Amino acid sequence: MTINSDDPPMFGTDLNSEYDVAARLLGLDERGVAELAKNAVEASFLDQAGKDRITAEIDAWTESWLARGEPRRRHRAPSGSMGPMSTAHRTNSPRVTPPAPPRTVAVAHRGDPYQIRENTLPSLRSALDRGADVVEVDVRVTRDGVPMLLHDATLERLWGHERRLASLSADAVTDLTAGRLPRLDEALRVTLDSRLMIDLPGTPSRRDVAAMIGTVRESGAADRVYWTGTPRPCSRCGTSTGRRRSR
């Protein structure tokens, strides 16, 4: 398990705040929080030397904090919440048997962007080939109502064109990107039998959300699609098809 923060400036949070929330909800002390931080280091793309260095720094900070006699935070997990990952860091009654650790799910953010350009079909295939359980993609809608995979509002960063996707037809986007910027229905076919998480960047309109939902339904993929984004557009998806996670 790791703690992460998506788009901190947009949602007014940071990792320190997320660790505080985790400590309160999971009933963790400083050592438990440190374990979560070390999990994140281990899951990172750092080389082993970098991982060892940062892990040693986390251990040194934890031991220094405790050696100074600083009061240890005592968080009790609320009734009915998921308990901490191990009894070694529980701060509530040790007689309570913790639940079995949940299975870790590997979510590939925009496919395999460190190897292949993000939000493209080869990137999605690569992520699945390398063991991802879920592939996450960003979806925006063209002027003529076709959902396509793109995080940014314009084609500039990835495709070198200062044009907004919303101002272009799907055929024009295909021409500008030499057919490499995929449609959502293509992504659903590529990820057949695997779960797909659709991120709704920005503030998509009702029309745009309806176009995405229609594509998912027509592809017969409602039972394997998850939605993530800001609450209002995401709630429309959750009541129509798939599962949702509001930020």
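The legends below describe close-up views of a predicted model.

Residues are numbered from 1 along each chain as its sequence is written, and side-chain values use heavy atoms, with hydrogens and water left out.

**View 1. The chain as a whole has 10 helices and 8 strands.** Helices (H or I, at least four residues) and strands (E, at least two) are DSSP runs, numbered from the N terminus. Of the 247 residues in the chain, 39% are buried, where buried means under 20% relative accessible area, exposed over 50% and partly exposed in between (1.4 Å probe, protein chains only). Among contacts (heavy atoms within 4.5 Å) between residues at least 6 apart in sequence, 59% join residues at least 24 apart.

**View 2. The largest nonpolar core holds 26 residues.** A nonpolar core is here a set of buried Ala, Val, Leu, Ile, Met, Phe, Trp, Tyr and Cys residues joined through side-chain atoms within 4.5 Å. Val 137, Leu 184, Ile 198, Val 216 and Trp 227 touch the most other members. Two or more residues each are given by α5 (121–129), β2 (134–141), α8 (184–190), β6 (195–200), α9 (206–218), β7 (225–229) and α10 (231–238), and the largest share, 5 residues, comes from α9. Leaving aside residues up to four places away in sequence, Leu 184 touches Val 139, Pro 147, Met 148, Leu 149, Leu 196, Ile 198, Met 212, Thr 215 and Val 216. Another core, of 12 residues, lies apart from the largest one and has Ala 22, Leu 26, Leu 28 and Ile 58 among its members.

**View 3. Helix α9 has buried residues along its run, including Asp 208 and Val 216.** Ala 211, Met 212, Ile 213 and Thr 215 are also among the buried residues of α9. Gly 220, with a positive phi near 65°, follows α9.

**View 4. Helices α3 (residues 30–43) and α4 (residues 48–67) have axes that come within 10 Å and cross at roughly 175°.** The helix α3 is therefore roughly antiparallel to α4, a term for angles over 145 degrees; axes are lines fitted to C-alpha atoms, for helices over the stretch in contact, and angles run from 0 to 180 degrees between N-to-C directions. The α3 side of the contact includes Ala 34, Ala 37 and Val 41, and the α4 side includes Ile 54, Ile 58 and Leu 66.

**View 5. Helix α5 and the loop between β1 and α5, where Asp 112 lies.** Leu 121, Ser 123, Leu 124, Ser 126 and Ala 127 are buried in α5, and what covers the buried residues of this helix includes β1 (107–109), β2, β3 (147–149) and α8. Asp 112 is itself buried, with a relative accessible area of 7%, and touches Ser 123, Ser 126, Ala 127 and Arg 130, not counting residues up to four places away in sequence. Asn 119, found in the loop between β1 and α5, has a positive phi of about 55° although it is not a glycine, and counts as buried at 2% relative accessibility. Gly 131, whose phi is positive and near 105°, follows α5.

Technical notes: Predicted model: local features only at pLDDT ≥ 70, side-chain atom pairs only at ≥ 80, totals over all residues. Parallel < 35°, antiparallel > 145°, perpendicular 65-115°, else oblique.
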